Amino acid sequence: MAQSDLKRLFLKHAKTLQGLLSRKVRDPQLAADLVQESFLRLAEQQRLVQIANASAYLYRTAHNLMV
């Protein structure tokens, strides 16, 4: 994944993902940390393998981190 693709994905999904996580964990700072960690893991994984649906991977990773 190119850096521009990751940036575009971040701009498209970060606020929504943070809002979703904030409602579930009831801590805005924790939600922000989970969003950051989710994007970091996506970027690291994309270096190793091609991910067909990056947004689905992102939301699943965020959910798993939250749990």
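## Starting at R41

At 37% relative accessibility, R41 counts as partly exposed, because that value falls between the 20% limit for buried and the 50% limit for exposed. This residue is found in helix α2. Setting aside neighbours within four places in sequence, R41 is in contact with Y57, T61 and L65. R41 and A62 are 21 residues apart in sequence, yet their C-alpha atoms are 9.6 Å apart in space.

Before we go on, please keep in mind that this is a predicted model. The mean pLDDT of the chain is 95, and 99% of its residues reach 70 or more. Confidence is lowest in α1, at a mean of 94, and highest in α3, at 97. Why look at such values at all? Where pLDDT is low, the predicted coordinates should not be read in detail.

## Helix α2

Let us stay with the helix that holds R41.

Which residues of α2 are buried? They are A31, L34, V35, S38, F39, L42, A43 and Q46. The buried residues of α2 pack against α1 and α3. Q36 also lies in helix α2, but Q36 is exposed, with a relative accessible area of 57%, so it passes the 50% limit. Q36 and L6 are 30 residues apart in sequence and 12 Å apart in space, C-alpha to C-alpha.

## Helix α3

Helix α3 covers residues 54-66, which makes 13 residues. From its first C-alpha to its last, α3 reaches 18 Å, close to the 18 Å expected at 1.5 Å a residue.

In α3, A54, L58, T61 and A62 are buried. Where do they sit around the axis? They cover an arc of only 100°, so they are on the same side of α3. The buried residues of α3 pack against α1 and α2.

## An aromatic pair

How many aromatic pairs does the count give? The count comes to one. The rings of F10 and F39 have their centres 5.0 Å apart and their planes at 65°, so the pair is edge-to-face. You can follow the reasoning yourself: planes over 60 degrees apart count as edge-to-face.

This pair links distant parts of the chain, with F10 in helix α1 (residues 3-25) and F39 in helix α2 (residues 28-48), 29 residues apart. Are the two residues buried or exposed? F10 is partly exposed, with a relative accessible area of 41%, whereas F39 counts as buried, at 7%. Not counting residues up to four places away in sequence, F39 touches L6, L9, F10, A14 and L58. The C-alpha atoms of F39 and Y59, 20 residues apart along the chain, are separated by 9.6 Å.

In soluble globular proteins, nonpolar side chains tend to be buried together. Here, the largest nonpolar core has 13 residues, and L9, L17, L21, V35, F39, L42 and L58 touch the most other members. The elements that give two or more residues to this core are α1, α2 and α3. Which element gives the most? That is α2, with five residues.

Not counting residues up to four places away in sequence, L21 touches R26, A31, L34, V35, A62 and M66.

H13 lies in helix α1. Is H13 buried or exposed? H13 is buried, with a relative accessible area of 12%, so it stays under the 20% limit. Leaving aside neighbours within four places in sequence, H13 is in contact with S55, L58 and Y59.

R26 sits in the loop between α1 and α2. R26 is exposed, with a relative accessible area of 73%, and is touched by L21. Most residues other than glycine have a negative phi. What is the phi of R26 near? Phi of R26 is near 60°, a positive value in a residue other than glycine.

Note on methods: Residues are numbered from 1 along each chain as its sequence is written. This is a predicted model: local features need pLDDT of at least 70, side-chain atom pairs count only at pLDDT 80 or more; totals for chains, interfaces and linings use all residues. Side-chain values use heavy atoms; hydrogens and water are left out. Rings of Phe, Tyr and Trp (its six-membered ring) pair if their centres lie within 6.5 Å; planes under 30 degrees apart count as stacked, over 60 as edge-to-face and the rest as tilted. Helices (H or I, at least four residues) and strands (E, at least two) are DSSP runs, numbered from the N terminus. Buried means under 20% relative accessible area, exposed over 50%, partly exposed in between (1.4 Å probe, protein chains only). The expected span of a helix is 1.5 Å times one less than its number of residues. The arc is that of the directions from the helix axis to the C-beta atoms. Contact means heavy atoms within 4.5 Å. A nonpolar core is a set of buried Ala, Val, Leu, Ile, Met, Phe, Trp, Tyr and Cys residues joined through side-chain atoms within 4.5 Å. pLDDT is the predictor's confidence in each residue, from 0 to 100.
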